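Please keep the sequence and the model in view while reading.

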Amino acid sequence: MSENGHIGTVVAVEESVAVIRFARSSMCAHCGACLTAGEHEMETRVPNSLHAEIGDRVSVALSGKKIAGASLIAYLIPLAALLLGVVIGSVFSDIAAILGGLGCCAIAYWILRLLDRRFARMQSFQPRMIAIVSEKEEEPKDGKRTDNRNI
């Protein structure tokens, strides 16, 4: 999903949340922001701020900067911990370097797992519905997109 929006279909509405199904594009095949719903489809749960109904086509956005930031956290922190453990362990022996690297990396993943619940609740890391679009034009029904500079 990009800041400009990815268009999908509402397949379920659960209280104030819409479940939206998208065709998987090559651009988002490995992102992980959405759940896989098949070989060529994915789904995500989004606050139904526009009161979309089942069958509506909607545009959903997720900031590329937020995805990059989340990727940085998920990959660089464990890598830095691994390298730190190796450097500290290498002072003692090669085995200590291996065990130190693996131990520090495991601790970093454990800490990220604990923080994952907090990140999941943060609105800035969640996709959001930006417009209901017409099926014919795939453009917003009112003819203009909502402002999505602060996604």
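The points below concern a predicted model and are grouped by topic.

**Confidence of the prediction**
- The average pLDDT of the protein is 79, and 73% of the residues reach a score of at least 70.
- Among the elements, helix H2 (residues 94-121) has the highest mean pLDDT, at 91, whereas strand S3 (residues 35-36) has the lowest, at 53.

- Val-10 belongs to strand S1, which covers residues 6-14.
- This residue counts as buried because its relative accessible area is 1%, under the cut-off of 20%.
- Val-10 and Ile-54 are 44 residues apart along the chain, yet 5.0 Å separates their C-alpha atoms.
- Apart from neighbours within four places in sequence, the residues in contact with Val-10 include Ala-18, Val-19, Ile-20, Ala-52, Ile-54 and Val-58.

**Cysteines**
- A disulfide is a covalent bond between the sulfur atoms of two cysteines.
- The number of disulfides in the model is zero.
- Cys-104 is in no disulfide, as the nearest cysteine sulfur, belonging to Cys-105, is 8.8 Å away, whereas the cut-off is 2.5 Å.
- Cys-105 is likewise in no disulfide, and its nearest cysteine sulfur is that of Cys-104.
- Cys-104 is partly exposed, with a relative accessible area of 26%, while Cys-105 counts as buried at 16%.

Methods. Residues are numbered from 1 along each chain as its sequence is written. This is a predicted model: local features need pLDDT of at least 70, side-chain atom pairs count only at pLDDT 80 or more; totals for chains, interfaces and linings use all residues. Side-chain values use heavy atoms; hydrogens and water are left out. Helices (H or I, at least four residues) and strands (E, at least two) are DSSP runs, numbered from the N terminus. Buried means under 20% relative accessible area, exposed over 50%, partly exposed in between (1.4 Å probe, protein chains only). Contact means heavy atoms within 4.5 Å. pLDDT is the predictor's confidence in each residue, from 0 to 100.
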